[in-house]
Amino acid sequence: LEASSPAAAPAAAGGHPSFHEMWRDLLPIGRHPESRGYRRFAWTGADLDCRAWFKDQAEARGLTYEVDRNGNQWAWLGDPAAGDAVVTGSHLDSVPDGGAFDGPLGVVSSFAALDELRSRGADLARPLAIVNFGDEEGARFGLACVGSRLTAGQLTLDNAHKLTDGDGVSLPRAMEAAGYDPDTIGADPERLDRIGAFVELHVEQGRALDLSGDRVGIASAIWPHGRWRFDFRGEANHAGTTRLVDRRDPMLTYAETVLAARREAELAGAVATFGKIAVEPNGVNAIPSLVRGWLDSRAEDQTSLDTVVGGIEKAARGYADAHGIELDVVRESFTPVVEFDHALRDELGRILGKDTDLTVPVLGTGAGHDAGILSGRIPTAMLFVRNPTGVSHSPAESAAEDDCVAGVLALADVLEGLASR
Ligand code: HGY
Ligand code: MN
Ligand code: MN
Ligand code: MN
């Protein structure tokens with residue numbers, strides 16, 4: 001499916017007409033006309049349009065629709081109170097100028113898999129639910145996986161009030177403006193207790209499946225990752241009249257730190273990215289007084305991550321001292337390594353090995369997911385769908401129609417296999 005050409009997503013013969021139809025309806029929402037990327041930020045108009053789409057899908061199928069105390073949307077087949085539910089889903093929000101697949105592929109595939117189960121006449125012994133977790137990307141308020149973190153009790157109402165967007169609007173106030181009661185925000189153990197397994201389908205954000213020649217894979221682990229804010233403070237002054245030797249220019253220190261991050265990440269076999277920056281006063285002809293850069297760093301294991309971030313901070317302090325710059329480093333969020341449930345992973349392998357002609361490699365990933373947050377609380381697994389370019393968090397993200405359909409069928413097999421026993 002080329003995100004840039006919805007018309008190029010034919011309802012493939014033997015494919016999934018309902019997948020195709022949902023994809024087509026969702027595709028225009030929140031898409032920027034020039035960048036062609038998605039700007040579906042939590043609780044903004046585009047996100048609300050996506051949420052309305054979710055509600056429509058639930059109601060069109062006669063599913064029990066609800067919004068939980070943290071604003072996550074649920075669509076239930078069977079009794080939500082019965083317990084031991086099998087839950088699938090993902091998120092509908094995006095990074096700035098994100099691709100079409102990261103998140104929505106999992107939600108659309110979940111509804112399509114449910115349609116598939118119904119057309120098969122599957123006899124389910126456990127309730128099934130589809131979920132859209134709010135604010136997975138953290139593009140607006142800086143913290144990723146907000147909906148699942150709130151549910152899992154990793155973010156309190158007090159701390160949610162401290163999360164603000166670029167205009168100073170806090171997360172609870174943004175939810176309130178969108179018509180939700182923010183005072184109900186908080187851990188939802190009762191809801192998690194009713195879930196027996198959570199399976200999230202997601203577009204792969206790398207090329208492992210492309211290289212192995214497989215359409216679908218199973219996730220093994222998520223790398224530990226976090227976000228750190230580096231505040232470099234210097235002195236604003238005239239760009240034309242201030243001699244170089246008299247400057248305390250935080251941009252220089254920031255630039256040296258970016259280079260150090262690349263070096264440290266290479267040494268540790270990890271990744272480190274400064275992808276967001278704020279400059280004050282942000283004038284062409286003024287030396288900055290403040291450069292604020294956000295570091296996103298991830299590594300296969302905790303020791304490597306500590307080494308990378310420690311190395312970057314040490315280098316930054318050295319450069320800051322040399323230029324008379326004050327430096328503050330704040331860890332804004334952190335997610336430890338996630339090992340997905342082994343028994344559930346093996347179960348998925350058995351189901352897919354038996355019921356389809358797919359081979360299913362097991363892969364780790366550097367991307368965060370709501371499944372990773374929930375894995376501390378309930379048995380959780382992920383399916384990845386091949387991404388031929390490996391590109392993600394960009395409008396160039398893509399997946400082939402046939403692979404998406406293979407993902408839908410694999411998810412249907414998994415849901416049926418889990419919910420039938
Ligand atoms: O991995 C991330 O950046 C986010 O959680 N999707
Ligand atoms: Mn993402
Ligand atoms: Mn995602
Ligand atoms: Mn002047």
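**View 1. Pairing of β7 with β12.** Phe230 stands opposite Val329 in β12. Nine bridges join β7 to β12, and the two strands run antiparallel. Two strands are taken to pair if DSSP finds at least two bridges between them. Strands (E, at least two residues) and helices (H or I, at least four residues) are DSSP runs, numbered from the N terminus. The model is predicted: local features need pLDDT of at least 70, side-chain atom pairs count only at pLDDT 80 or more, and totals for chains, interfaces and linings use all residues. Residues are numbered from 1 along each chain as its sequence is written, while chains are lettered from A and ligands numbered from 1 in the order in which they are written.

**View 2. The open sheet of four strands.** The strand order is β9-β11-β7-β12, with antiparallel pairing. β9 (271-280) and β12 (326-335) stand at the edges with a single partner strand each, so one side of each is left without a neighbour in the sheet. Neighbouring strands are turned by 20° against each other on average, direction ignored. Axes are lines fitted to C-alpha atoms, for helices over the stretch in contact, and angles run from 0 to 180 degrees between N-to-C directions. Helix α9 (residues 250-268) packs on the sheet and touches β7, β9 and β11; the direction of α9 makes about 170° with that of β9. Contact between two residues requires that their C-beta atoms, placed from the backbone, lie within 7 Å.

View 3. Strand β7 (residues 225-233) is joined to strand β11 (residues 290-298) by nine bridges, and the two run antiparallel. In this pair, Gly226 has Ser297 of β11 as its bridge partner. Trp228 is placed opposite Leu295 in β11, and Arg229 opposite Trp294 in β11. β9 and β11 also pair in the antiparallel sense, over nine bridges. Here Val279 has Val291 of β11 as its bridge partner.

**View 4. Packing of α9 against α10.** The axes of α9 and helix α10 (residues 302-323) come within 9 Å and cross at roughly 155°. The two helices are therefore roughly antiparallel to each other; angles under 35 degrees count as roughly parallel, over 145 as roughly antiparallel, 65 to 115 as roughly perpendicular and the rest as oblique. α9 passes α10 in a right-handed crossing. A crossing is right-handed if the near helix is turned clockwise from the far one by less than a right angle, and left-handed if anticlockwise. Among the residues of α9 in the contact are Leu252, Glu256, Ala260 and Ala268, and those of α10 include Ser304, Val308, Ile312, Tyr319 and His323. By class, the contact of α9 with α10 has 11 nonpolar, six polar and two charged residues. Ala, Val, Leu, Ile, Met, Phe, Trp, Tyr, Cys and Pro count as nonpolar, Asp, Glu, Lys and Arg as charged, and the others, Gly among them, as polar.

**View 5. Packing of α3 against α13.** Helix α3 (residues 104-120) and helix α13 (residues 401-419) pack at an angle of about 60°, their axes being 8 Å apart. This angle makes α3 oblique to α13. The crossing of α3 past α13 is right-handed. α3 contributes Leu105, Ser109, Ser110, Ala112, Ala113, Glu116 and Leu117 to the contact; the residues from α13 include Cys404, Gly407, Leu411 and Glu416. The contact of α3 with α13 divides into 10 nonpolar, three polar and two charged residues.

**View 6. Packing of α1 against α3.** Helix α1 (residues 17-26) packs with α3 at an angle of about 145°, with the axes 9 Å apart. α1 passes α3 in a right-handed crossing. From α1 the contact takes Ser18, Phe19, Met22, Trp23 and Leu26, and from α3 it takes Pro104, Val108, Ser109, Phe111, Ala112 and Asp115. The classes in the contact of α1 with α3 are eight nonpolar, two polar and one charged.

**View 7. Surroundings of ligand 1.** Glu136, Glu137, Ala144, Cys145, Ala367 and Gly368 surround ligand 1. A residue is near a molecule if its C-beta atom, placed from the backbone, lies within 6 Å of it. This shell divides into three nonpolar, one polar and two charged residues.

**View 8. Backbone geometry in two loops.** Most residues other than glycine have a negative phi, and most peptide bonds are trans. The peptide bond from Glu280 to Pro281 is cis, with omega near 0°, and Pro281 is found in the loop between β9 and β10 (286-287). Asp84, which is not a glycine, has a positive phi of about 55°. Asp84 lies in the loop between β2 (73-77) and β3 (85-91).
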